[in-house]
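Please consult the sequence and structure shown here while reading.

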Amino acid sequence: MAKPIRINSLDLARARAEFLTGMGLDAKRPTAWTQYGYPETVTFEMLKVAYSRGGAGQGAVHRILDGCWRKKPRIKLPNSDDVSPWETKVGDLLKQISAWPKLRDFDRRNLVGRFAALIYRVADSRLLSEPMQRASRLVDLVPVYEDQIRVTKWQEDQRAEDFGQPLMFQIRSRSPMQQGDTQAQPEQWIDIHPSRVQILAEGSVGNMFDGVPLLLAGFNHLIDLEKIAGGSAEGFLKNSARTLVFSYDADANVQAITAPDGSPIGKTVREIHEEQTRNLNRNQDSSIVIQGGEASALQTTVADPEPSFGVAANLFAASVQLPFTILFGQQTGRLASDEDRADYHARCASRQENELTPMLDQLIRRLQAAGLIDAGEFVIEWPDLGAPTGAQMLDNAKKMADTNQVAFNGGAAEPVFDANEIRKAAGYEEREGGGDEFREDEQPEDPEDLLTNPSAKPGAKPAAK
């Protein structure tokens, strides 16, 4: 008869718990994430810590934030190149309350969590819990994290146009994760009407809770980076701390070191050794005393963290859709390639168009509804992120002049680029008349002068002296 197998009930319960709570993409190992130390659910608190205490997390947020908000957008009337009175009024209104830094901070909070909220404070003589009416002025715009706002009432009438949308919010004045001395800052919840609340939930098309945090996809890799960096640092600390190993002969009188002068034993051998080791690590001039044995430092082999760190860092960079060289830079001092910069600019430009433009559009329309801005159509125009710098523009102009020189040496009768085209490439205004002729006092004396004046005709006579 086979011997029955005894199963430990505690082990069985633990295995069942791991199976139910574990996660992983590997179907063969459904508890892989639990074993790797990855959380099953990533909360806002975890994301906030990854942003505020993690270099890679904060770097990713601010790389995208700084790229998108490098220059302020222009809010103007359609088909208008000149600055109109309407555009001036909008700019003055936003400038009075320092709106642009607050809108940028609104976006930053959205990148950290699933969503962020922008609270409108206007002078309309109404409570915050009442619908926003026409106001005499814009008092402030207040950005808040997702843990500072909650929905207390939903629209449940299926016949209503806003079915399934919030009917009432509550906000609190400060985030519960705020650290340090708050000096008794109030934290009570306040009712606020949805007309005074703007939600930015990147990645969502309607439901604020469907927003996708920037750091969510790469959160596991942030944990890997912390383990690799922290474990490597711990290994260096262990080696530098000089952990001592004491070895004694079999006939050594170990107790003698506890009472070298014959006095009664006051400390154990273990306590004496711990005290000696502590003093040795604190004071460079300290020494230890042993009898009938020897002391040696315990050393650990520290693995090179760079290859493992590079793998995790590349995976995290892919999760936030940023080139590795843009996010982490280069230790060799080499700058990011033109392809990496172009990819970075394209990432930011796409986000400006698809996330930030609708956010600003909603802002202006709400201010129009409150009577703070004249009603009418408008457009939001972002600066070109890939526009060449001054040095690049001059370099392009020089290349155009070099092309003209090559064309002239090849026998071309006309320059490839005229003077105004080169001036425009260099960032200068065009000259009247096309810039095709030198003034009488600056006629070229030699064909080599085509480098500086590509519109000069071959064989031109020198100016009279």
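The notes below begin with the basis of the model and then proceed by topic. This is a predicted model, in which local features need pLDDT of at least 70, side-chain atom pairs count only at pLDDT 80 or more, and totals for chains, interfaces and linings use all residues. Residues are numbered from 1 along each chain as its sequence is written, and side-chain values use heavy atoms, with hydrogens and water left out.

**Cysteines**

- With a disulfide defined as a pair of cysteine sulfur atoms within 2.5 Å, the count is zero.
- Cys68 is in no disulfide, and the nearest cysteine sulfur, that of Cys348, is 4.2 Å away.
- That separation is too far for a bond.
- Cys68 is buried, at a relative accessible area of 1% (buried means under 20%, exposed over 50%, partly exposed in between, with a 1.4 Å probe and protein chains only).
- Cys348 is likewise buried, at 1% relative accessibility.

- Helices (H or I, at least four residues) and strands (E, at least two) are DSSP runs, numbered from the N terminus.
- Strand β5 (residues 166-172) has six of its seven residues buried, so it is largely enclosed by the rest of the structure.
- Two strands pair if DSSP finds at least two bridges between them; β5 is joined to the antiparallel strand β4 (residues 149-154) by five bridges, with Lys153 opposite Met168.
- β5 also pairs with strand β6 (residues 189-192) in the antiparallel sense over four bridges, and here Phe169 stands opposite Ile192.

**The β3-β2-β7 sheet**

- An open sheet of three strands has the order β3-β2-β7, with antiparallel pairing.
- β3 (138-144) and β7 (197-200) are at the edges with a single partner strand each, so one side of each lacks a neighbour in the sheet.
- Six bridges link strand β2 (residues 116-122) to β3, and Tyr120 is opposite Leu141.

**Helix packing**

- The axes of helix α7 (residues 219-240) and helix α9 (residues 306-319) come within 9 Å and cross at roughly 160 degrees; axes are lines fitted to C-alpha atoms, for helices over the stretch in contact, and angles run from 0 to 180 degrees between N-to-C directions.
- α7 and α9 are therefore roughly antiparallel (angles over 145 degrees; under 35 is roughly parallel, 65 to 115 roughly perpendicular and the rest oblique).
- Contact means heavy atoms within 4.5 Å; residues of α7 including Leu222, Leu225 and Ile228 meet residues of α9, among them Phe309, Ala312 and Phe316.
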